[in-house]
Amino acid sequence: MRLVIFTITILFIQTIIGQEQSIRGIVLDKDSQFPLVGANVIVTDITPIIGAATDFDGRFKVENVPLGRHSIKVSYIGYETQTLSNQEITAGKELILNIELQESILMDEVIVEARQEKDKTINKMASVSARTFSIEESMRYAGSLNDVSRMAQNFAGVQGADDSRNDIVIRGNSPTGVLYRLEDVDIPNPNHFALNGTTGGPVSILNNNVLDNSDFMTGAFPAEYGNALAGVFDLKLRSGNNQNHEFLGQFGFNGIELMAEGPINKEKYSSYLVDYRYSTLKLFQLLGLNFGTGTAVPDYSDGFFKLSFPNEKGKTDFWGLGGVSNVAFLDSEQEGGNLFQEGGEDLFFNSKIGVTGLSNTYRFNEKSYLKTTLSMDATFNQLARNYLDTTTKNYDPNYRNTSTEGKQSLNIIYNYKISSRHLIKVGSYNYRRFFNLSDSVNIKKDSIQIAPSTYKVTPERWVTLTDFKGATYFIQPFIQWQFRANEKLTFNTGIHSQFFTYNNQYAVEPRVGLKWEANAKNIFSLAYGLHNQLPTTRLFFREVEAPDGTKVIPNKNLEMIQSQHFVAGYDRNIGKHTRIKTEVYYQLLSNVPVDVNTNTYSVLNFGANFDLSFPDTLVNDGSGTNYGVEITLERFLNRGFYYLFTTSLYQSTYKGSDGVERNTVFNGNYTFNALIGKEFFFKPKEGKVSKSSLLIDLKGTLNGGQRYVPIDIESSKAVGQTVYDYNQAFANRYPDYLRMDFKIGFKKNGAKITQEWSINIQNLTNRKNVFTEGYSNATKSIVTRYQTGLLPIVQYKIWF
């Protein structure tokens, strides 16, 4: 009843308030972040043309802009002119733009046109394998569920073939090799129901309503990024509206959400933004929807905030995010099972995450600035698993895990623009990492298999796997230099280094890139990068009991995993709105932890499922290889029409301690994505102010099936549970993963309110994609579990 009253009130207000909307923002020098005074900002597709010039602080305001999509041109003498296409103006939210212009190196006053499209990156030091994505894309693309990780699965080189989680496989690498950086702070796994040491989860905490346009990188990334082998999400939080109070309400699969933003002090342009979301999965389950959890109902909530305080010398930001989640999978209550639990077990899991940061950007002059960030984060996991005793019919304790990981950080970045040709960026990411780790297993059953070895056990004995409490330091200094030889040729080079004080391991990593814009249509690029990453930290602290009963930590001196990236690219622009991009790459991995005993284990396969077990003792004797080719055909949104077709052909192999080259579990060999959409705008009736639009988006994905370890059926029958044949590890694949998603959305603009209704149908054809196989002791046979079928998701959103 309250929701009905609220909706009627909003619709009434919509009919009585007058119509107006504006575009505001700031124009800065890309390299020095210094405000540009007198820059021209015009809306080019309106007759007569309207616009504004920036003031002493680089700020501008264009008023009385009609609703719909518009192109905005920004120019300043001596700088490359930038055009921002298809910027959407809605009634319920003012459009605020932070525009950065690149200084031209031409000696005369010729103005160079530079398109601001997704083929350009926010980080200009990126030469290859990088693109900017808009938050609007994560809202528009079918199957994305407002999740930037799921949205990225549309890009070349990225594979995601698991409906239950948003882990992404980049160029055959483990999802654990992905770095999430938010506001220049490396953050832990930003997902609900996430285990420490992983990078994915069922529901993302990263709420796209509070994110700004960001970069995504898949190889040979610039020197400022470290401790990652696969890819980088460099994410930004947007600031709140510093002149007007605005609100958002949203209801859908991801939860019920409320957001508020507005000015703290209008004269000083300070602002706030706060957001809170609570899960609605219980309601969707009551409607009969199956999202892969059986009768269990996951419960979660999360929140964001950001306070921004600009000043004449820069700005200070205080921000944070947090999330809590819990779920209980009870075998006795399951009707048909779920994707997260084996038969005959009770599983309890809860997690918490918190991140907060305080940053200050200080401009010394028009050439340089210093950014200093203090931050702290922590994640908490609690996991309990009980197994069914088929004799007593009781659920006996089997595994317990209570762990906390986190870090305090001091990050310093100094940016100096020597001239329009030379840019230096130097800094250091400094972390104090703290741990309180405890997990143990009851090895009552002598057939429990800890891949790929088996415990030798005695009845009713708890074995401590990890018991560590302490702290260590991880230091990552870097330096980058960009040299623009001319308007067409750019060199990017730098060095990143890492030092881990726990075992005194260090690495020095050279990076170099080259980009040549031969002409307006053809761009060639080349890059090399040496990248190192710490193994999952839990590996360092595993305890093993020696024959004399003493405890030893055999993996303390594990070294960093090393990967060399070689990338070459060619980008062909077809007109103003379409491009074809091709990249070839080769990655050589070394120093990979494998089992000290001769077998097939390698941490390169870590993160493929929910099994996070590993051998007791590891050595850095493994290796791996990834290589492939990627093709992208893309039409950027223009006149309401867009498409994105990507093809990835790749090979991903590894060698364990047995020295045999095998496929990694992520070696699907090929990925094809096709996404196409159309946006229709309806003209308002005469005398009316509303303007409505309809969005239709269709996505198709074909991935090579996931590799697996076959089940030894006879051994499984003998012990009464699943036993794997590791001699045939990852030789075969499940059937290909095929899925189609469809989205239709209707948006209506009122006087001061924008409403949006959408239906997102996942797995439109209801295809049964294999999730995993296991042994059923009840039927004495192998059973197959399938991923979620057709799943309709409804969402309502209102801005006012």
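A cavity here is a set of points, on a 1 Å grid over the protein atoms alone, where a 1.4 Å probe fits but cannot get out; its lining residues have an atom within 4 Å of a point. Grid points are joined across faces, edges and corners, and a volume is the space filled by probe spheres set on the points. The model is predicted: local features need pLDDT of at least 70, side-chain atom pairs count only at pLDDT 80 or more, and totals for chains, interfaces and linings use all residues. Residues are numbered from 1 along each chain as its sequence is written, and side-chain values use heavy atoms, with hydrogens and water left out.

The structure holds nine cavities of 30 Å³ or more. The second largest cavity has a volume of about 200 Å³. Its lining has 16 residues, and R131, A156, K581, E630 and T632 lie nearest its centre. Two or more lining residues come from each of β9 (130–133), β36 (578–595), β37 (618–638) and β38 (641–655), where strands are DSSP runs (E, at least two residues) numbered from the N terminus. Strand β36 gives the largest share, four residues. By type, the lining of the second largest cavity divides into five nonpolar, five polar and six charged residues. In this count Ala, Val, Leu, Ile, Met, Phe, Trp, Tyr, Cys and Pro are nonpolar, Asp, Glu, Lys and Arg are charged, and the others, Gly among them, are polar.

On the backbone, the peptide bond from T47 to P48 is cis, with omega near -5°. P48 lies in the loop between β2 (40–43) and β3 (50–53).

| Residue | Phi | Loop between |
|---|---|---|
| N766 | about 60° | β45 (754–762) and β46 (770–776) |

D184 is buried, with a relative accessible area of 9%, whereas N766 is partly exposed at 45%. Buried means under 20% relative accessible area, exposed over 50%, and partly exposed in between (1.4 Å probe, protein chains only).

I574 is found in strand β35 (residues 561–574) and is partly exposed, with a relative accessible area of 42%.

Methods:
On a 1 Å grid over the protein atoms alone, a cavity is a set of points where a 1.4 Å probe fits but cannot get out, and a pocket is an open set with protein on both sides within 12 Å along at least five of seven lines; lining residues have an atom within 4 Å of a point.
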